[in-house]
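Open the model in your viewer and keep the selection panel at hand.

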Amino acid sequence: MITQKAKYALRALTLLARAEPGEPIQIPDIADKQKIPKKFLEQIMLDLKRGGMVESRRGKQGGYLLLRPASDITYGEVLRLIDGPVAPLPCLSLTAYRRCEDCDGETDCEIRRVFARVADETRAVLLSTSLADAAGEVAERPH
């Protein structure tokens with residue numbers, strides 16, 4: 001399961017993806033519209049800024065905006081930044097591989113074989129779904 005922090009990050013980024021290009025959105029507005037606690041959102045936005053996904057502008061007309069196009073930021077990238085590896089087992093992680101402590105051999109592990117398929121499919125969806133895709137899907141839903 002993804003953390004609440006990751007859900008909030010994705011919600012905040014989706015709001016920024018729907019914003020007018022070049023128009024920053026202030027933290028209180030993001031917090032209010034996405035129902036995210038303001039203090040927690042401030043921490044999340046700093047993480048997203050450090051991760052190169054958003055930029056901040058100071059001043060009365062300041063706020064946050066996407067640093068890159070929404071089509072270039074994937075769900076997988078956001079989840080890795082906020083929650084760490086997206087693999088269900090440490091031996092399946094592409095970015096933080098480590099052998100399972102109780103492992104007798106990865107090639108003979110039936111658990112690894114099944115979860116490798118899960119990880120591959122999950123990664124395929126997460127790394128091919130951008131903020132723009134997700135924002136468009138939400139906007140296209142019938143009311």
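**Whole chain**

In this predicted model, residues 24 or more positions apart account for 59% of the contacts in the protein chain with a separation of 6 or more. Display the C-alpha trace: along its principal axes it spans about 60 × 35 × 25 Å. Now colour by secondary structure. The protein chain has 6 helices and 2 strands. From the N terminus, their order is α-α-α-β-β-α-α-α. Of the 143 residues, 37% count as buried.

**Helix H4**

Select residues 75-83, helix H4. Which residues of H4 are buried? They are Gly76, Val78, Leu79 and Ile82. Look down the axis of H4: the buried residues fall within an arc of 160°, so they line one face of the helix. Next, show what covers them. The cover includes helix H1 (4-18), helix H3 (38-50) and helix H5 (110-128). Step past the end of H4 to Gly84, where phi is positive, near 95°.

**H1 against H4**

A packed pair of helices is described by the angle between the axes and the distance between them. H1 and H4 pack at an angle of about 135°, and their axes are 9 Å apart. That angle makes H1 oblique to H4. The crossing of the two is right-handed.

Show side chains at the contact. From H1, select Lys5, Ala6, Ala9, Leu10, Leu13 and Thr14. They meet Tyr75, Val78, Leu79, Ile82 and Asp83 of H4. Colour this contact by class: 8 residues are nonpolar, 1 is polar and 2 are charged.

Note on methods
Residues numbered from 1 in each chain as written. Predicted model: local features only at pLDDT ≥ 70, side-chain atom pairs only at ≥ 80, totals over all residues. Heavy atoms only, no water. Buried < 20%, exposed > 50% of the residue type's maximum accessible area, 1.4 Å probe, protein only. Helix = DSSP H or I, 4+ residues; strand = E, 2+ residues; numbered from the N terminus. Arc of directions from axis to C-beta. Contact = heavy atoms within 4.5 Å. Axes fitted to C-alpha atoms, helices over the stretch in contact; angles between N-to-C directions. Parallel < 35°, antiparallel > 145°, perpendicular 65-115°, else oblique. Left-handed = near helix turned anticlockwise from the far one by under 90°. Nonpolar A, V, L, I, M, F, W, Y, C, P; charged D, E, K, R; others polar.
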